[in-house]
Each structure stands twice: as C-alpha cells, then as structure tokens.
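Subject: Handover of the structure

Hello,

Here is the structure I said I would pass on. My notes on it follow below.

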Amino acid sequence: GNHIQAAGGEQVLVDYILLNEGDTQSALRRDLVDVLIHNYCDPTLVEEEGLQLAATPPRDDPADVLIIRHDGCDPTRTPPLKEGAVVGCGGATVQAQLLECHGDLSVPLMKGTLHSRIESLREGKFSAVVVTAAGISRLKPNLDDFMVHRMDPNLFVPVAGQGALALQTRAGDEDALRVLELIHDSMGAYAIDAERGFVSISGASREQPLGAWAEWTDDGL
C-alpha cells in the first residue's frame, strides 16, 4: 500500500519513487524525495554530512536461505547439498561458511537481483543459490520448483544488518522525522548497531568473511 502505519493506528500517506543507483542522495539533498530506503547490510552505509539515518523499521528474518534444485539436493547432508554441488552466493561470508560445512562444494560468487539468481538456477547454471530470507519475504518469488532450506543464524551467521532497512532523511527535517518515528524499532536498531560496531572494530574489509548477528533474549543482547 501507499501508507505507513504506527502501532497506535496513525496512518501517513506516502509516495514511492524508484531511483537509479548513484542518484539517491542527490535526490534527497535536492528535496526530490524526503526519505531513502537502504539495506542495512550494505557495509558502505554511513552517515553523510547533512543527512541522517533516522529510522529502522522492525527487522525481517536475518537468515540466509538455500534455494536448491531437486537434482542438487541430498537430504542426508546438512545443509542438504549433493557432493560437488555448484552453489552461487553473493559474498565471502556465505562462501566461507558453505565451504566449512562441505569442503567438496564449488561456491562461485555471483551478482544480480534475487529474481536473476533464481532464473540462473532454473536454467541449470547452479545446483543451488543463496539468497536472504528477507528478500524472499519482500519480493515473494515463485519457488515451487525448488527445495527451500533456511540456514539457522545461530549456526550460519548472516552479515551484519541483514534483514533490516535503514531509512535516511535530511538532518533536521522535522516533518520527515515525525513520520519516521512512527515506525522506528529502537530495540532492533540497538542490536543492528551492535553488529555493525563489531564489524567496524574488527577492521575487516568488504572482501573478508565476517558475519555478525545480535538478538534480544531474557538475559539481554
């Protein structure tokens, strides 16, 4: 829909505009848009002068998900991938953990959208691909032809901020800040800050395999 709604029921109408990569912050600075939506797992996402990361909506599932062709599946193994399977993934963190699970796999890095990765799988270029549970939830691709295996974040650690969105606006834009406050999840944001802080102090580069996941329990974060 074209509205956002707070827990108390207040609704605010919004318009959505799809921007080309590279035009986003320029559009925000020139008042063409009031809010930008980013994936919080983008390691390059930082505060910019005159702009602020103002809200984090409730986080979606942070897990990675294996989408597997039936001819690439072996249910006797965990994760259920046949020996020697070719598994496409988008980053070093997933790549390293898959190889730790099964050293016999071939795990090339791949680029592209969720739909293009699934199409490559359907064409037989891979035995399986790794995508995010949040991407599946938001885009709802048709996966009836495949086996879907969710990777437990306790055992297969996602990249920091995975499943979360960061909403950015102009610093001091009171109207935008008032709207964004309606959907901000302060507890979730605190957990994501902890993940990103861990990655920051580690000094790891984008090419190095480093995951981080924080969650609230009865004993704290």
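Two strands count as paired if DSSP finds at least two bridges between them. In this predicted model, β4 and β9 are joined by 4 bridges and run antiparallel.

Salt bridges

The count of salt bridges comes to 10. Three of them are described here.

One is formed by the side chains of Asp 34 and Arg 170, at 2.7 Å from N to O. This pair links distant parts of the chain, 136 residues apart: Asp 34 is in the loop between α1 (24–29) and β3 (36–39), and Arg 170 is in strand β9 (residues 165–170). Are the two partners buried or exposed? Asp 34 has a relative accessible area of 43%, so Asp 34 is partly exposed. Arg 170 counts as buried because its relative accessibility is 14%, and the cut-off for buried is under 20%.

Another salt bridge is made by Asp 104 and Arg 77, whose closest N and O atoms are 3.1 Å apart. Asp 104 lies in the loop between α2 (92–101) and α3 (114–122), while Arg 77 lies in the loop between β5 (64–68) and β6 (87–88), so the pair ties together parts that are 27 residues apart in sequence. With a relative accessible area of 31%, Asp 104 is partly exposed. Arg 77, at 17% relative accessibility, counts as buried.

In a further salt bridge, the side chains of Arg 122 and Asp 145 meet at 3.5 Å, N to O. Here, too, the pair links distant parts of the chain: Arg 122 is in helix α3 and Asp 145 is in the loop between α4 and β8 (147–150), 23 residues apart. Arg 122 is partly exposed, with a relative accessible area of 34%. Asp 145 also counts as partly exposed, at 47% relative accessibility.

Asp 34 and Arg 170 come up again in a network: salt bridges that share partners join Asp 34, Arg 170 and Asp 173.

Ala 133

Ala 133 is in helix α4 (residues 133–139). Which residues does Ala 133 touch, leaving out those up to four places away in sequence? They are Asp 61, Ala 63 and Val 65. The C-alpha atoms of Ala 133 and Pro 62 are separated by 6.6 Å, although the two residues are 71 residues apart along the chain. Ala 133 counts as buried because its relative accessibility is 11%.

A nonpolar surface patch

Met 187, Tyr 190, Trp 216 and Leu 221 make a nonpolar surface patch of about 440 Å². One of these, Trp 216, lies in the segment after α6 (186–202). At 37% relative accessibility, Trp 216 counts as partly exposed. The cut-off that a residue must pass to belong to a patch is over 30% relative accessible area.

Regards

How values were computed: Residues are numbered from 1 along each chain as its sequence is written. This is a predicted model: local features need pLDDT of at least 70, side-chain atom pairs count only at pLDDT 80 or more; totals for chains, interfaces and linings use all residues. Side-chain values use heavy atoms; hydrogens and water are left out. Patches are made of residues with over 30% relative accessible area and no salt bridge: like charges are joined within 9 Å, nonpolar side chains (Val, Leu, Ile, Met, Phe, Trp, Tyr) within 5 Å. Accessible areas come from the Shrake-Rupley method with a 1.4 Å probe; for residues, only the protein chains shown count as cover. A salt bridge is a side-chain nitrogen of Lys or Arg within 4 Å of a carboxyl oxygen of Asp or Glu. Helices (H or I, at least four residues) and strands (E, at least two) are DSSP runs, numbered from the N terminus. Buried means under 20% relative accessible area, exposed over 50%, partly exposed in between (1.4 Å probe, protein chains only). Contact means heavy atoms within 4.5 Å.
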